[in-house]
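Reader: I am new to protein models. Can you walk me through this one, feature by feature?

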Amino acid sequence: MDFALTEAQLEIQRRAREFAQRELAPGVLERDAQETFPMDILKKLGDEGLIGLQYDPKYTGKGLDYLSFILVVEELCKVDSSFGIAYAISSTFTTGIDTFGSEEQKMHCFPRLFSGDAIGCFALTEPDAGSDAGSAKTTAVRDGDEFVINGTKHFITNGAIADYCMLIANTDPSKGSKGLTAFLVDLKTTPGVTIAHIENKCGIHSAKVTELVFENCRIPADRMVGTEGKGFHYALTALNAGRLGVAAQGLGLAQAAFDITRDYMMNRKQFGKPICANQYPAFKMADLEVEIEMARLLLYKAVWEQQQGVDFSISASKAKLACTNVAMHVTTECVQNMGGAGYMREQHVERMFRDAKITQIYEGTNEIQRLIISRDIFH
């Protein structure tokens with residue numbers, strides 16, 4: 001086994017780290033307070049060549065591997081996890097279209113996405129269909145050369161800013177989840193699409209999570225993705241890749257909070273010595289470092305499986321479960337280790353603590369990940 005990153009991966013990691021420090025760090029506290037998403041920085045990320053890393057160059061992708069993408073998510077989320085998850089969710093959309101969409105559909109949106117001129121979203125969840133995603137009620141009825149879509153999608157990350165959406169709707173409600181079909185929708189130019197409201201969240205403040213309402217929304221029939229009735233399978237496939245992105249978000253949050261706290265403990269003196277000279281908090285940090293490293297290895301192993309073209313669904317669930325639990329645990333302990341300073345916004349760990357919680361919830365709650373893993377154990 002070779003645990004070393006390649007030279008190309010190290011270069012991508014370095015460029016992403018420098019980009020995050022240069023472009024994201026200066027305004028991250030203001031964006032969090034004002035809940036604004038920086039589309040101009042997304043464009044700069046595209047100009048930097050850090051979007052579409054894992055996709056075919058014929059669609060203007062970079063032809064690199066999935067780990068390169070994961071490394072970018074991790075580095076972005078160390079500085080601004082709201083921006084990092086928006087980047088990752090757009091890739092979940094892209095994965096779905098890349099895997100199951102037509103050549104025309106890919107060429108329709110990939111060049112704009114990879115240049116940073118556009119962003120995507122993935123619309124599966126509904127007000128009454130969260131973990132039970134197969135019970136989605138949004139309908140798509142065939143009318144000649146069009147489909148007419150009606151329904152409401154809920155908690156859609158990037159929904160308020162997205163240009164493109166992979167929408168899961170029911171073309172045959174009598175079949176339940178087997179009647180679900182995927183569609184590519186141009187959100188900004190298709191009549192009948194409404195942003196109902198933007199969610200007021202605990203964390204990831206500058207990420208735009210919204211409710212999308214589709215009212216007699218007509219799209220061309222050739223915007224159906226893949227085969228009718230296969231939408232639930234397509235959604236689960238995209239979610240497997242998406243879980244690796246959320247795991248990378250959690251890992252980035254944990255590592256960044258740890259690094260900030262380590263520096264604080266080395267410089268903050270109490271009772272005549274640095275905090276890190278006290279065995280109890282120093283030992284806690286040792287345990288946290290081990291947890292972060294274990295989570296990183298689980299994530300990178302899952303990514304390796306994905307790159308080998310084998311079924312990585314169980315490993316994706318394990319990585320998502322481990323990395324997001326580590327994010328919550330590490331950020332909580334880091335706030336505590338920094339005392340009152342850790343609770344103040346200017347130290348960043350307070351924001352990371354708030355951002356970490358959602359990682360245990362979206363892209364399949366950690367309870368759902370345990371269900372998936374336990375079924376594999378006892379199958």
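Author: Start with one residue. Aspartate 163 is found in the loop between β3 and β4. Helices (H or I, at least four residues) and strands (E, at least two) are DSSP runs, numbered from the N terminus. This is a predicted model, where local features need pLDDT of at least 70, side-chain atom pairs count only at pLDDT 80 or more, and totals for chains, interfaces and linings use all residues. Residues are numbered from 1 along each chain as its sequence is written, and side-chain values use heavy atoms, with hydrogens and water left out.

Reader: Is aspartate 163 buried or exposed?

Author: Learn the cut-offs. Buried means under 20% relative accessible area, exposed over 50%, and partly exposed in between (1.4 Å probe, protein chains only). Aspartate 163 has a relative accessible area of 9%, so it is buried.

Reader: Which residues does aspartate 163 touch?

Author: Contact means heavy atoms within 4.5 Å. Leaving out residues up to four places away in sequence, aspartate 163 touches Arg112, Asp117, Ala118, Ile119, Val185, Asp186, Leu187 and Lys188.

Reader: How do I read a strand?

Author: In a regular strand the side chains alternate between the two faces of the sheet. Take β4 (residues 164-170). Tyr164, Met166, Ile168 and Asn170 point one way, while Cys165, Leu167 and Ala169 point the other way.

Reader: Why is β4 described as largely enclosed by the rest of the structure?

Author: Because seven of the seven residues of β4 are buried.

Reader: Which strands pair with β4?

Author: Two strands pair if DSSP finds at least two bridges between them. β1 (residues 120-123) pairs with β4 in the parallel sense, over four bridges. There, alanine 123 has leucine 167 of β4 as its bridge partner. β5 and β4 run antiparallel, joined by seven bridges. Methionine 166 stands opposite leucine 184 in β5.

Reader: Now aromatic rings. What describes a pair?

Author: A pair of aromatic rings is described by the distance of the centres and the angle of the planes. Rings of Phe, Tyr and Trp (its six-membered ring) pair if their centres lie within 6.5 Å; planes under 30 degrees apart count as stacked, over 60 as edge-to-face and the rest as tilted.

Reader: How many aromatic pairs does the structure hold?

Author: Ten. In one of them, phenylalanine 100 and tyrosine 234 are stacked, 3.9 Å centre to centre with 20 degrees between the planes. This pair links distant parts of the chain, 134 residues apart: phenylalanine 100 sits in α5 (residues 81-100) and tyrosine 234 in α7 (residues 231-267). Phenylalanine 100 is buried at 19%. Tyrosine 234 is buried at 6%.

Reader: Why is the pair of phenylalanine 147 and phenylalanine 183 edge-to-face?

Author: Their planes are at 65 degrees, so the pair counts as edge-to-face, with ring centres 4.9 Å apart. Phenylalanine 147 is in β3 (residues 146-157) and phenylalanine 183 in β5 (residues 180-186), 36 residues apart. Phenylalanine 147 is buried at 1%, and phenylalanine 183 at 0%.

Reader: Which residues form one aromatic cluster?

Author: Tyr55, Tyr59, Phe110 and Phe114.

Reader: Last, a helix. Which residues of α1 are buried?

Author: Gln9, Ile12, Gln13, Ala16, Phe19, Ala20, Glu23 and Leu24. They cover an arc of only 130 degrees around the axis, which puts them on the same side of α1. The arc is that of the directions from the helix axis to the C-beta atoms. These buried residues pack against α2 (28-34), α3 (39-47), α4 (66-79) and α5. The face turned away from the buried side of α1 carries the exposed residues Glu7 and Gln21.
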